[in-house]
Amino acid sequence: MGKQEDGTRGVGTKGMPRKDRERLILDAAAEEFGRKGYARGSIAAVAAQAGITKPLIYEYFGSKDGLYLTCLDRAGSRLVAAVSSAQAGPSDITRAERTLGAIFRALESRLQDWELVYDSTLPAGSELYAAAAVHRRELNRMGAIGVAEFLDSARAADPLDADLVTHLWYGTVGAAVAWWQHHPEQTADEMTSRFERIFAALLTQAHRPDHLA
């Protein structure tokens, strides 16, 4: 197997259908951008990881921005679909568990997807920043609906309560994903079970008589 024209060693993609090669490139790009962010992500590194040439990436995606945007849309669509699927069912305390479980399953072996949607290195005002904002807003919208329905069922009507709980919710999800990145051996089911145990313990502790005095 010879070297590619950019000096990297290929992995034998000759003859591979275009759709499969595009998926190979996107997987490599998602890993690169997920680890380093848009600003530090390297097209050369993506090409080396995918075992192809840099010109082929530009042929397929036009530019670094085009490649990142395709990765971002793929990641954001998966997360939005996962949260949307968890919206079905009763609006009770189990909705949070269902939603986080759906997010974990969507991110299993693809933790970089979360980093793509919430990439802090995207230039403000750019097309990429705007595209990421679309996915973030949709995730926030669905999260806010879930929070509002739960608080309504708990007869907590203060709008500021809903705003605070929404922020707490996404802070919790972000912290859980960050912890998972340090423990990649954990499966989505294990992460979901761990969250449910901790959440149940916190609720039990909060309702102990000595905490209500």
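These are my notebook entries on what I looked up in this predicted model.

**Ground rules.** I number residues from 1 along each chain as its sequence is written, and side-chain values use heavy atoms, with hydrogens and water left out. As the model is predicted, local features need pLDDT of at least 70 and side-chain atom pairs count only at pLDDT 80 or more, while totals for chains, interfaces and linings use all residues.

**Overall fold.** I began with the secondary structure and got 10 helices and 0 strands in the protein chain. Here helices (H or I, at least four residues) and strands (E, at least two) are DSSP runs, numbered from the N terminus. Read from the N terminus, the elements go α-α-α-α-α-α-α-α-α-α. Next I looked up burial: 40% of the 213 residues count as buried. Buried is under 20% relative accessible area, exposed is over 50%, and partly exposed is in between (1.4 Å probe, protein chains only). The areas themselves come from the Shrake-Rupley method with a 1.4 Å probe, and for residues only the protein chains shown count as cover.

**Salt bridges.** My rule was a side-chain nitrogen of Lys or Arg within 4 Å of a carboxyl oxygen of Asp or Glu. That gives a count of 9 salt bridges. I then went through some of the pairs.

- Asp 27 bridges to Arg 110, with the closest N and O atoms 3.4 Å apart. This pair links distant parts of the chain, 83 residues apart: Asp 27 sits in helix 1 (residues 18-40), and Arg 110 in the loop between helix 5 (93-107) and helix 6 (112-117). Asp 27 is partly exposed at 30% relative accessible area, whereas Arg 110 counts as buried at 13%.
- Asp 113 also bridges to Arg 110, and here the closest N and O atoms are 3.1 Å apart. Both Asp 113 and Arg 110 are buried.
- Arg 141 pairs with Glu 138, the closest N and O atoms being 2.7 Å apart. Both lie in helix 7 (residues 127-153), 3 residues apart, or about one turn of the helix. Arg 141 is partly exposed at 43%, and Glu 138 is partly exposed at 26%.

Which residues join up in a network of salt bridges? I wrote down Asp 27, Arg 74, Arg 78, Arg 110 and Asp 113.

**Negative patch.** On the surface I found Glu 108, Glu 185, Asp 189 and Glu 190 gathered in a patch of negative charge. Patch residues have over 30% relative accessible area and no salt bridge; like charges are joined within 9 Å, and nonpolar side chains (Val, Leu, Ile, Met, Phe, Trp, Tyr) within 5 Å. Asp and Glu count as negative and Lys and Arg as positive, with His and the chain ends not counted. The charge is placed at NZ of Lys, CZ of Arg, CG of Asp or CD of Glu.

**Ser 109.** I stopped at this residue for its backbone: phi is near 65 degrees, a positive value in a residue other than glycine. Most residues other than glycine have a negative phi. Ser 109 is in the loop between helix 5 and helix 6, and at 71% relative accessibility it counts as exposed.

**Two C-alpha distances.** Arg 40, in helix 1, is exposed at 59%. Arg 40 and Thr 121 are 81 residues apart in sequence but 8.4 Å apart in space, C-alpha to C-alpha. Ala 44 is in helix 2 (residues 43-50) and is partly exposed at 33%. For Ala 44 and Ile 57, 13 residues apart along the chain, I have 9.6 Å between the C-alpha atoms.
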